[in-house]
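Thanks for coming. I have one model to go through today, so please have a look at it first.

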Amino acid sequence: MSKMLWTVVALAAVGVSLSAPIQAQVSMPEAQVNALEGLAGKQAMFRRAQAKGVCASGYFVGNTVARNLSSATVFSGEKVPVVARFSVGGTSPKANDKARSVRGLALQLTPSTGDIWMTANISAPVYFVSKPEHFVPFIQARSPDPATGKPDAAKLKAFSDANPDTLRQGAYLAKAPIPASYGQVGYWGVNAFELVNAKKESQFVRWQFVPDAGTLGLTEEQLKTMPDDFLADELRKRVALAPVSFAFKLQLAEANDQLVDPTLQWPDSRPVLTAGTLVIDKVEPGLDGACKNLTFNPLALPNGIMASADPVLLARPAPYGISLGRRLSEAVAK
């Protein structure tokens with residue numbers, strides 16, 4: 001039987017009409033990026049999420065607590081170079097700095113051994129979906145209806161009622177102060193990771209970066225009078241006076257703690273240990289910088305740090321890569 005005939009038979013066997021056009025399948029990562037572009041329109045050459053941001057740099061120093069838990073060279077005690085990106089949640093590069101959305105702290109650490117550690121952290125202890133397949137409908141439920149220019153309230157309510165886990169991050173942000181500075185807000189890595197030390201002993205953790213200067217929110221008066229765009233300049237002025245530092249803390253999981261749902265926090269009774277210090281000593285003057293084309297892939301991990309089985313964590317790198325590809329293509333086409 002000819003190759004063409006085998007093709008016809010195969011298509012017929014799965015019920016494909018030869019007279020109908022074959023629709024290209026859209027992968028879940030592509031659908032996620034498409035959904036983000038539909039939220040506020042495509043923003044050419046900008047990230048599809050956390051579109052508004054600023055590049056910075058500095059260093060990280062791990063301590064003995066970290067070294068006892070992990071053999072990763074980023075915890076050696078040397079000053080590990082860091083490329084950082086601070087950002088405002090949302091898909092618009094003109095996002096309001098006073099919005100009740102997450103702030104982001106993404107990092108790339110490159111120790112002298114050649115390892116790379118990337119981590120993307122947000123100013124909320126929980127993520128907005130517990131399953132990657134909920135990402136697209138979550139975004140679509142909040143996207144504006146072309147007829148009204150606003151989200152469909154009934155559609156949003158139906159999705160939220162069916163998926164109450166998607167309300168946890170919003171509930172946290174509704175009560176949290178709106179950050180007055182990138183340098184005075186905490187950032188969480190909401191997914192679980194497994195640390196493995198030199199003795200091959202394992203410990204699951206979640207990490208956070210806690211500002212040494214303390215947290216600071218905008219007052220009601222500041223919310224009325226501050227401009228919509230101030231966070232990047234505030235950080236530039238702050239770092240020009242003195243470096244901004246964060247304590248790197250590890251929350252230790254216990255045996256029965258869930259490891260695969262980033263919308264749920266672990267109990268406050270779980271130990272939290274200080275395992276290092278992050279220092280930011282330079283902020284770029286404009287939009288460009290070393291962070292511009294980094295994806296901050298959360299699965300770029302050195303030996304001694306391993307991903308958990310959290311499906312949301314495992315699904316994150318693919319849409320990051322698609323977003324970067326589109327940005328680079330748009331820059332070439334400009």
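How many residue pairs are in polar contact across the interface of domain 1 and domain 2? The rule finds four, with both residues of each pair at pLDDT 80 or more. A polar contact here is a pair of N or O atoms within 3.5 Å; within protein, one must be able to donate a hydrogen and the other to accept it, and residues adjacent in sequence count only if both atoms are side-chain atoms.

Some conventions before I continue. This is a predicted model, where local features need pLDDT of at least 70 and side-chain atom pairs count only at pLDDT 80 or more, while totals for chains, interfaces and linings use all residues. Residues are numbered from 1 along each chain as its sequence is written, and side-chain values use heavy atoms, with hydrogens and water left out.

Back to the interface. Domain 1 covers 42-124 + 176-333 and domain 2 covers 128-175; such bounds come from an automatic or database domain assignment. The centres of the two domains, taken over C-alpha atoms, are separated by 24 Å. On the domain 1 side, 17 residues are in contact with 12 residues of domain 2, where contact means heavy atoms within 4.5 Å.

The area buried between domain 1 and domain 2 is about 1,100 Å², and carbon and sulfur atoms give 62% of that. Buried area is the accessible area (1.4 Å probe) that two parts lose on being put together, summed over both. Within domain 1, the residues that lose the most area to domain 2 are Arg100, Ala176 and Thr263, together 46% of what that side buries.

As for salt bridges between domain 1 and domain 2, the count is zero. The term stands for a side-chain nitrogen of Lys or Arg within 4 Å of a carboxyl oxygen of Asp or Glu. The side of domain 1 that touches domain 2 has 12 nonpolar, three polar and two charged residues.

Next, Val126. This residue lies in the loop between β4 (117-122) and α4 (135-141). Helices (H or I, at least four residues) and strands (E, at least two) are DSSP runs, numbered from the N terminus. Is Val126 buried or exposed? Val126 counts as buried because its relative accessibility is 4%; the cut-offs are under 20% relative accessible area for buried, over 50% for exposed, and partly exposed in between (1.4 Å probe, protein chains only). Leaving aside neighbours within four places in sequence, Val126 has contacts that include Arg168, Gln169, Val190 and Pro262. Pro262 is 136 residues away in sequence, yet the C-alpha to C-alpha distance to Val126 is 5.6 Å.

Now the salt bridges in the whole model. The rule gives a count of 13. One of them joins the side chains of Glu330 and Arg48, at 2.4 Å, N to O. Glu330 sits in helix α10 and Arg48 in the loop between α2 and β1 (52-62), 282 residues apart. Both residues, Glu330 and Arg48, are buried. A network of salt bridges links Glu37, Arg48, Arg326 and Glu330.

Just after α2, Gly41 takes a positive phi of about 85°.

For contrast in burial, take two further pairs. Lys52 and Asp97 meet through their side chains at 2.8 Å, N to O, in a salt bridge. Lys52 is buried at a relative accessible area of 12%, and Asp97 is buried at 1%. The side chains of Lys157 and Asp161 also form a salt bridge, at 2.6 Å, N to O, but both of these residues are exposed. They lie in helix α5 (residues 153-162), four residues apart, about one turn of the helix.

Last, backbone angles. Which residues other than glycine have a positive phi? Lys200, with phi near 70°, is one of them, and Phe296, at about 55°, is another. Lys200 is exposed, with a relative accessible area of 70%, whereas Phe296 is buried, at 3%.

Note on methods
Nonpolar A, V, L, I, M, F, W, Y, C, P; charged D, E, K, R; others polar.
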